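Please examine the sequence and the structure shown here before reading on.

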Amino acid sequence: MLFRSFTRQTLLRQLMGWKMLDVAPKYFRASIARGASQVDRTGGKYGAGLISGVSVAMQGEALGHGLWVDQVFLSQVVDGINSKDLGLKSRFNHPSASGDALGTQVGKFFNARIENGKPVADLHILESATKTPDGNLADYVMTLAEEAPTDFGVSVAFKIGRAHV
């Protein structure tokens, strides 16, 4: 069997189609994973709230990138979250070219696991999320998880070799 060596950019071009990509993108975004099982408004490592069983990724297309998220990737997301002793940062929104994510951190994910074939983790809300420049993001996020748990969702941003939730 013959194996070919690829640079990161060449590999991305192969995966995404030659005409679509002149420069390798910094991040990809997977489909939004939806679902949360329980909210404890005074729980968590920081005492500001805990949302248990948050769906952190789902199998399917990495929207707009021509890549497929499979079970191997989902297991790697779980391993990646659990490898962070201080938790994996969760923001209200992804940083963009027109703005940073300062003031948007909601909490940190811990205790990632596979439940019913999908990766879930527990979101520990930071006290600072109650006092952001844009208001009380902690209350908004916990209220959404309580009122519409199947609509509650997160999106994983990832680079080849790394993932960010």
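This is a predicted model: local features need pLDDT of at least 70, side-chain atom pairs count only at pLDDT 80 or more; totals for chains, interfaces and linings use all residues.

In which strand is the place of Ile125? Ile125 is found in strand β9.

## The chain as a whole

The chain holds three helices and twelve strands. Of its 165 residues, 39% count as buried.

When contacts between residues at least 6 apart in sequence are considered, 55% of them join residues at least 24 apart.

## The largest nonpolar core

In soluble globular proteins, nonpolar side chains tend to be buried together. The largest nonpolar core of this model has 29 residues. The members that touch the most other members are Ile51, Val54, Val56, Ile81, Phe109, Leu123 and Ile125. At least two core residues come from each of β4 (50–55), β6 (67–69), α2 (71–82), β8 (105–115), β9 (118–125) and α3 (137–147).

Two of these members illustrate the surroundings. Ile125 has a relative accessibility of 0% and therefore counts as buried, since the limit is under 20%. Beyond residues up to four places away in sequence, Ile125 touches Tyr46, Ala48, Gly49, Leu50, Ile51, Val106, Gly107, Ala138 and Met142. Leu123, with neighbours within four places in sequence left aside, is in contact with Gly49, Leu50, Ile51, Val54, Ser90, Val106, Gly107, Lys108 and Phe109.

## Helix α2 and its two sides

Does the length of α2 agree or disagree with what its residue count leads one to expect? The twelve residues of α2, at 1.5 Å a residue, should span 16 Å, and the 17 Å between its end C-alpha atoms agrees with this. At the start of the helix, a side-chain oxygen of Asp70 comes to within 3.2 Å of the backbone nitrogen of Val72.

The buried residues of α2 are Phe73, Leu74, Val77, Val78 and Ile81. Viewed down the helix axis, these residues fall within an arc of 145°, so they line one face of α2. An α-helix has 3.6 residues a turn, so residues three or four places apart point the same way. The face turned away from the buried side carries Val72 and Asp79, which are exposed. Val77, in helix α2, is buried, with a relative accessible area of 3%. Val77 and Val56 lie 21 residues apart in sequence, and their C-alpha atoms are 8.2 Å apart in space.

## Two asparagines with positive phi

Most residues other than glycine have a negative phi. Asn111 has a phi near 55°, which is positive, and its place is in strand β8. This residue is partly exposed, with a relative accessible area of 44%.

Asn116 likewise has a positive phi, near 50°. Where does Asn116 lie? Asn116 is in the loop between β8 and β9. With a relative accessible area of 82%, Asn116 is exposed.

Conventions: Residues are numbered from 1 along each chain as its sequence is written. Side-chain values use heavy atoms; hydrogens and water are left out. A nonpolar core is a set of buried Ala, Val, Leu, Ile, Met, Phe, Trp, Tyr and Cys residues joined through side-chain atoms within 4.5 Å. Buried means under 20% relative accessible area, exposed over 50%, partly exposed in between (1.4 Å probe, protein chains only). Helices (H or I, at least four residues) and strands (E, at least two) are DSSP runs, numbered from the N terminus. Contact means heavy atoms within 4.5 Å. The expected span of a helix is 1.5 Å times one less than its number of residues. The arc is that of the directions from the helix axis to the C-beta atoms. A polar contact is a pair of N or O atoms within 3.5 Å; within protein, one must be able to donate a hydrogen and the other to accept it, and residues adjacent in sequence count only if both atoms are side-chain atoms.
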